[in-house]
Amino acid sequence: MANTAPPLPYIVIDFDSTFTQVEALDELADIALRGRPEREQVVAQIKALTDGGMDGSVSFSESLRRRIELLPARREHLHLLVEHLRTKVTESIRRNQAFFQQYAARVYIVSSGFREFIEPVVAEFGIPPEQVLANTFTFDAEGRITGFDPDNPLSQDGGKIRQLRLMGLDDAPVYVLGDGITDYQIREAGLAARFYAFTENVARPAVVAQADEVVPSFDEFLYQNKLPMTLSYPKNRIRALLLENIDPTAERLFREEGYQVEVVPGGLDEEELLARIEGVSILGIRSKTQVTPRVLERANRLVAVGAFCIGTNQIDLLGCMQRGIAVFNAPFSNTRSVVELALGEIIALARRLPVKSEQMHRGVWDKSAHGAFEIRGKKLGIVGYGNIGSQLSVVAEAVGMQVLYYDIAEKLQLGNATKCRTLEELLRQADVVTLHVDGRPENTHLIGAAELALMKPGALLLNNARGHVVDIDALADALRAGHLGGASVDVFPYEPKTNDEPFASPLRGLPNVLLTPHVGGSTAEAQRNIAEFVPERIIGYVNTGNTLQSVNLPNIQLPPQQQAHRLIHIHHNVPGVLAHINNVLAAHSVNILGQYLKTNEHIGYVITDVNREYDQEVIKALRQVEQTIKFRVLY
Ligand SMILES: NC(=O)C1=CN([C@@H]2O[C@H](COP(=O)(O)OP(=O)(O)OC[C@H]3O[C@@H](n4cnc5c(N)ncnc54)[C@H](O)[C@@H]3O)[C@@H](O)[C@H]2O)C=CC1
Ligand SMILES: O=C(O)C(=O)COP(=O)(O)O
């Protein structure tokens, strides 16, 4: 990318905990003491002295002197240390290796660490030895480290200030990037124009408090200074908002990716969500939160919605699509949990366990077989033969049930299951009816008074699908009238927002009715699976544009990454957009390395990989292509 930035400042970077993730002397002690009983104790002492020197509670020179005294290292340990440090280069520094290679002439490493290990590590980034300012060790004849050169200014208190004075960088502003108080002191002494507290590896409150800017990554430093960077946008600027008690694994994965994450335990209603959605790039919800057109209207930065569940009826999918917002769910992660719950419910109702258990709690011993039956040989009617319905079909046959199913779509018939041509045909025959349709609006009151009347006297009904699928008043009537033998309901037309809100329903208090608080998918296994699956899809989409398994954007499966810049473009599906994009690229002589397009009736999604040479004018022109909904440069 052409550099349109103002003249480059000098960038003075600290080494330990800034250029690398670790403190090298701590690591050296760890290496040198391998296999020795005192290892843990000595390393801890050294670490404490390092921290004291960094936050200013011990004078720097004393911290250094005492650390070296404690350090039983030899010359050969330094080779091991360098190999180790090469694997510990800070992620965002490594990611921007190309920046260093190109602008190495403006970068200085000024460190109170030691030249012997810094030079080889930064050399890979194009930084030459003369731009490394650091201490040097002294060794005895056997190669043992005995101390350091006391004349080196960096071994003394205020050393970095003295070193900067000696360097005389006065023809351009100096920006200092570091995690320690000694880095800030350069700015305090007037030798730098700005001090950036670098917090990717460690954030020291005393240092952060003094900073001109706090940068959680090197990408952020480059972005703020309009310098060329590998990513088009710093990940630390991506904000994720996670609602409804999503398993903490998701928060961890997003944080590891460098995003800011905000977690809200319960659900949010529309007004509450409206108040929080601005600036959010990734919204994580479960089945309750309604992502309405009004919410989308306000969602000025939303890139992806993660439904950390199966159902997506709570999301305005079309609205998301028309705004180029990708929606991902976890289509199989809690399937088995719902199936197991349904099987348990069938047996529980068949044995009238809700009644028996409630009586026992009241001290009533009613040993009788009245109304209790085995499920073996009984007919199970599955309405909705999708992932859950068909898996339940297999499990129910395994315990001896005869399975009937009804689905509006043609489905593979599993085992000995019998397909019904109409819902009525199923309802008339089944001893147990279980609902596993999705929550599309047309399924509202799929089961109402008329359908309940078709069911066999004494039959059981299970609803683990969505609350609006059953007319709950009609169900209560059918149960009160004794027409049905029992029911098990996990989902309700209105569900409390949090665990603090009471539950109201006409089904409360009815005999042989099992009520559960929408826990069909609430198992440890399912929640963990979901919390891995959905973030992986979203992070993949943000990083590569991969929409495979998105529920609303055209699915593009990408070939392995090429050495290219990737441009992703979502547009209204009208003729000529692709041609327009390609004309812009051709007019700027940008070479297309690969291009992938998929459309649906509403939108088109095109991913274009181009060679590395392009400028901001191309980007501007591509943003202006008519019918563009969203345009992003990925890298
Ligand atoms: N209680 C809970 O905690 C959970 C509830 N669910 C609910 O279960 C639903 C089903 O999940 P999956 O099986 O994974 O979905 P799926 O999409 O694989 O299956 C749904 C099936 O229902 C069929 N269908 C839709 N409307 C129908 C109708 N009117 N009559 C007959 N068939 C109809 C579809 O053709 C499809 O085969 C989800 O959409 C969700 O609402 C899912 C997980 C947990
Ligand atoms: O997966 C689904 O669709 C569910 O209904 C489960 O939703 P939940 O994550 O428990 O709010």
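1. The radius of gyration of the protein is 32 Å, whereas a compact globule of 635 residues would have one near 26 Å. This radius is taken over C-alpha atoms, and the globule rule is 2.2 Å times the number of residues to the power 0.38. The C-alpha trace spans about 95 × 70 × 45 Å along its principal axes.

2. The model is predicted: local features need pLDDT of at least 70, side-chain atom pairs count only at pLDDT 80 or more, and totals for chains, interfaces and linings use all residues. Residues are numbered from 1 along each chain as its sequence is written, while chains are lettered from A and ligands numbered from 1 in the order in which they are written.

3. The protein has 25 helices and 24 strands; these are DSSP runs numbered from the N terminus, with helices (H or I) of at least four residues and strands (E) of at least two. Of the 635 residues, 43% count as buried, that is, with 20 or more other C-beta atoms, placed from the backbone, within 10 Å of their own.

4. The division is into domain 1 (10–224), domain 2 (238–333 + 524–553), domain 3 (335–522) and domain 4 (556–634), with bounds from an automatic or database domain assignment. The centres of domain 2 and domain 3, taken over C-alpha atoms, are separated by 30 Å.

5. Between these two domains, 14 residues of domain 2 are in contact with 13 residues of domain 3, contact being C-beta atoms, placed from the backbone, within 7 Å. On the side of domain 2 that touches domain 3 there are five nonpolar, six polar and three charged residues. Here Ala, Val, Leu, Ile, Met, Phe, Trp, Tyr, Cys and Pro count as nonpolar, Asp, Glu, Lys and Arg as charged, and the others, Gly among them, as polar.

6. Where does ligand 2 lie? Domain 2 and domain 3 both give residues to the shell around ligand 2, so this ligand lies between them. The residues around ligand 2 include Arg286, Lys288, Asn334 and His518, a residue being near if its C-beta atom, placed from the backbone, lies within 6 Å. By class, this shell has two nonpolar, seven polar and two charged residues.

7. Around ligand 1 there are 30 residues, of which Gly311, Gly384, Gly386, Ile388 and Gly520 come nearest. Helix H17 (335–350) and helix H19 (387–398) are the elements that give two or more residues to this shell; H19 gives the most, with three. The shell around ligand 1 comprises 12 nonpolar, 14 polar and four charged residues.

Notes:
A residue is buried if 20 or more other C-beta atoms lie within 10 Å of its own, exposed if 12 or fewer, and partly exposed in between; C-beta atoms are placed from the backbone.
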